[in-house]
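This report is meant for a reader meeting the structure for the first time. Please look over the sequence and the model before reading on.

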Amino acid sequence: MATRLPEAASVTFSHPDPMVPHLYRVLRTRWDTGDTFSLELTPEQSADIPQFEAGQFNMVYIYGVGEIPISISGDPARRDTLIHTTRAVGTVTRVMSKLKVDDLLGVRGPFGSAWPVETGRGKDMIIVAGGIGLAPLRPAMYRILAHREDYGRVVLLYGARTPADVLYRKELEQWRSQFDLDVFVTVDRATGNWRGSVGLVTQLIGRAPFDPMNAMAMVCGPEVMMRFTTMELKKRGISGDHIYVSLERNMKCAIGLCGHCQVGSLFVCKDGPVFRHSRVEPLLTKWEI
Amino acid sequence: MKTLESIVAQHPFFNGLAQPYLTLITGCASNVVIKPGELLFREGEEATQFFTIRTGILKLGVLVPGQGEIVFQTIHEGEIVGWSWMFPPYRWHFTGRAATELRVLAFDARCLLQKCEADSGFGYEFMKRFSRIMMERIQATRLQLIDMYQTRG
Ligand SMILES: Cc1cc2nc3c(=O)[nH]c(=O)nc-3n(C[C@H](O)[C@H](O)[C@H](O)COP(=O)(O)OP(=O)(O)OC[C@H]3O[C@@H](n4cnc5c(N)ncnc54)[C@H](O)[C@@H]3O)c2cc1C
Ligand code: FES
């Protein structure tokens with residue numbers, strides 16, 4: 001009998017009306033790199049934030065400016081604060097980067113599918129992140145580390161543009177010092193005092209220690225990076241059924257109504273953003289949809 | 001004790017190479033160990049060798065006025081470096097500096113070129129292996145040029 005492969009974990013809504021934003025207050029702000037910042041938020045109308053799964057996102061509404069999808073980058077086990085790590089690239093994210101402690105913003109969610117951390121139990125877990133792609137994967141790291149003994153090898157491969165663009169430096173250093181984790185960081189270019197690898201994140205895959213026959217990979221970063229990363233993972237012997245990617249498309253409703261995020265027959269907001277690679281591979285190589 | 005030929009044979013670059021070819025190549029090889037921070041080769045100098053990395057990390061860099069040495073790639077255990085010896089003007093285009101203690105095998109280019117000329121079967125096998133590495137490096141460079149972390153998608 002054929003066994004059905006798990007899709008990315010699907011999750012149901014925890015709020016009664018998913019279109020209504022909830023008021024959140026900024027507790028802390030931190031610049032992670034020159035253009036990327038993290039906001040720690042606390043809900044105004046309740047004690048806890050809604051339960052979320054690693055890989056899910058919220059629609060963040062900056063009053064008077066606009067609403068954008070941002071992944072949750074905090075620990076799913078913590079219900080007191082909500083953390084979003086955002087790169088300032090345009091209209092909404094730039095205004096968002098200027099928010100101060102006690103400012104208010106709207107949040108609706110969490111939405112979308114999650115990284116398959118549960119189905120990965122018993123396997124080697126390979127986490128490959130590029131640039132801001134480490135933010136949506138950080139909750140998966142927290143989940144895996146909370147149940148470390150349930151997994152085989154845990155390998156984190158992270159690529160950034162330069163050493164100054166490396167996210168969550170302190171945490172990476174702490175993870176790197178853990179004997180039961182293999183953490184490799186690479187940058188595209190560096191000056192003399194950088195002691196890590198220089199080169200593409202895809203080039204780390206060949207020398208990463210894992211058993212491809214019993215491994216699950218989770219990949220997040222720019223789409224080009226994900227395309228070449230999955231090629232390298234497959235070269236190492238991991239099947240496309242055991243590789244998961246997170247897609248990014250413009251969004252409006254985030255609940256599968258407006259069609260803004262549609263890729264072929266899939267809605268990234270509702271069927272994704274986390275997808276099994278074999279399911280979306282043909283879409284990743286299309287020029288325009 | 002390990003023979004030089006067995007050390008050469010262990011390097012992934014020479015995987016599956018026929019025994020007579022391994023013996024030929026070993027005739028051009030020598031063991032080199034350098035300390036962190038020392039140069040393996042320098043930009044602009046005559047390129048007379050290529051290297052296979054046994055252990056350690058090598059940084060490839062280029063000197064940029066006002067910024068110092070910009071490292072654009074590190075070469076690790078099991079990888080190889082150097083093809084400037086193949087084509088005129090036979091000069092290193094970059095500087096190779098040890099990031100850690102580095103153990104490499106150095107291969108004398110003139111010796112190898114002579115052997116490639118004398119035995120075209122060997123030359124073809126050797127160039128195929130080099131071409132694959134060159135292709136991989138070119139593809140990686142193209143992706144670095146896209147500057148993918150800065151652009152959307
Ligand atoms: C499911 C999902 C999760 C996401 N999670 C995160 C996250 O955790 N952190 C985060 O920083 N971003 C995340 N994004 C991307 C984020 O939604 C966009 O960067 C944001 O919508 C840009 O809005 P803006 O108004 O600031 O830019 P716009 O004004 O819409 O765009 C201005 C300029 O920036 C460019 N641009 C827009 N988006 C991006 C981008 N993502 N990268 C580079 N250039 C861009 C545009 O092409 C345009 O040139 C996620 C997107 C999705 C779909
Ligand atoms: S954002 Fe409206 S359908 Fe996905």
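Predicted model: local features only at pLDDT ≥ 70, side-chain atom pairs only at ≥ 80, totals over all residues.

## The interface of chain B and chain A

Between chain B and chain A an area of about 2,200 Å² is buried, and carbon and sulfur atoms give 53% of that area. The rule finds 2 salt bridges across this interface, and one of the salt bridges in the model joins B:E79 to A:R207, whose closest N and O atoms are 3.5 Å apart. Across the interface of chain B and chain A there are also 9 residue pairs in polar contact, with both residues of each pair at pLDDT 80 or more.

## Helix 6 of chain A

Helix 6 of chain A spans residues 277-284, and within this helix A:H277, A:V280, A:L283 and A:L284 are buried. Seen down the axis of helix 6 of chain A, the buried residues fall within an arc of 115°, and they therefore line one face of the helix. An α-helix has 3.6 residues a turn, so residues three or four places apart point the same way.

What covers the buried residues of helix 6 of chain A includes helix 5 (223-235) of chain A, together with strand 13 (243-246), strand 14 (262-263), strand 15 (266-267) and strand 16 (274-276) of chain A.

A:T85 lies in strand 5 of chain A, which covers residues 82-87. Is A:T85 buried or exposed? A:T85 counts as buried because its relative accessibility is 4%, where buried means under 20%.

The side chain of A:T85 makes a polar contact with the side chain of A:S38 at 2.9 Å, and another with the side chain of A:Y168 at 2.7 Å. When neighbours within four places in sequence are left aside, the residues in contact with A:T85 include A:D32, A:T36, A:F37, A:I70, A:I132, A:R138 and A:L167.

Key. Residues numbered from 1 in each chain as written. Chains lettered and ligands numbered in written order. Heavy atoms only, no water. Buried < 20%, exposed > 50% of the residue type's maximum accessible area, 1.4 Å probe, protein only. Helix = DSSP H or I, 4+ residues; strand = E, 2+ residues; numbered from the N terminus. Arc of directions from axis to C-beta. Contact = heavy atoms within 4.5 Å. Buried area = accessible area lost by both parts, 1.4 Å probe. Salt bridge = Lys/Arg side-chain N within 4 Å of Asp/Glu carboxyl O. Polar contact = N/O pair within 3.5 Å; in protein donor to acceptor, adjacent residues only side chain to side chain.
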